[in-house]
Amino acid sequence: MPAGAGGDGSRTADSPSAAEASSGDREEVTFDREGLSAGFLTCVPIALGVAGYGIAFGVLASQAGLSVAEATLMSATVLAGASQIVAVELWADPLPVAAIVTTTFAINLRYSLMGAALQPWFRRLSSAQTYVSLYFMADENWALTMRELTSGNGRGAFLLGSGIAIWVFWVGATIVGAVAGETVGDPTRYGADFILVAVFAALAAELWEGRSTVVPWAVALGSALVTAALVPGRWYILCGGLAAAVAEVIRHGE
């Protein structure tokens, strides 16, 4: 992915290309310590909520037979709560590799859509900056980064900084949950399964843009519900996102 410079100051506000460009296309995008720090500090409150979910994963991993080291390694390298939990739920002897790979692939395909939404920044960053940022991208810090992108701050390191916050709390919480193991028991009895629901509800409220948001959200919801009823597994996540993207393309005639 090529690196680039900031927006072209020679374009006038009434030119067609400038009128159609988003704020992310026009702004200068930097990648520095300020953006990294802003991303980290902004994401800490949400990362605390993710930590509760991480403890739940650690407990489930321990109960599935994974050692503390194995559970920690999975969280440090995968950094995808939903697919990790599905993986440990499918864990058995012998290990159903095909089922785990197929299911987690379906769940994580949504990241291709999420990454594409950040192109206004990525095309102004180097390949190294882009790919290391994508490695630390999770649902929560992606939503925060989308808000940052539309605000026009141009802090390209925000995704990486917020992702590091998620990573630190997620891995640390996994260790706590895995060590606690059987002592904690079923994490759902403490309401741990509701933590991310609350987090995503708050993030959705931040991303709400009024009537223009109704159509893609409604299409995504309807498609996901239909897919969940007809197709086994977690394909409804990807189908909902793709349906909303197609709806937007049709609406704007692009």
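## Basis and overall fold

This is a predicted model, in which local features need pLDDT of at least 70 and side-chain atom pairs count only at pLDDT 80 or more, whereas totals for chains, interfaces and linings use all residues. Residues are numbered from 1 along each chain as its sequence is written, and side-chain values use heavy atoms, with hydrogens and water left out.

The protein chain holds 14 helices and zero strands, where helices are DSSP runs of H or I of at least four residues, strands are runs of E of at least two, and both are numbered from the N terminus. Of its 254 residues, 40% count as buried, meaning under 20% relative accessible area with a 1.4 Å probe, protein chains only.

## Packing of H3 and H10

Helix H3 (residues 33-63) packs against helix H10 (residues 139-151) at an angle of about 155 degrees, with the axes 10 Å apart; axes are lines fitted to C-alpha atoms over the stretch in contact, and angles run from 0 to 180 degrees between N-to-C directions. That makes H3 roughly antiparallel to H10, a term for angles over 145 degrees.

Thr42, Cys43, Ile46 and Val50 in H3 meet Glu140, Asn141, Leu144 and Arg147 in H10, contact being heavy atoms within 4.5 Å.

## Burial and end of H10

Ten of the 13 residues of H10 are buried, so H10 is largely enclosed by the rest of the structure; among them are Trp142, Leu144 and Glu148. After H10 comes Gly152, with a positive phi near 85 degrees.

Technical notes. Angles under 35 degrees count as roughly parallel, over 145 as roughly antiparallel, 65 to 115 as roughly perpendicular and the rest as oblique. Buried means under 20% relative accessible area, exposed over 50%, partly exposed in between (1.4 Å probe, protein chains only).
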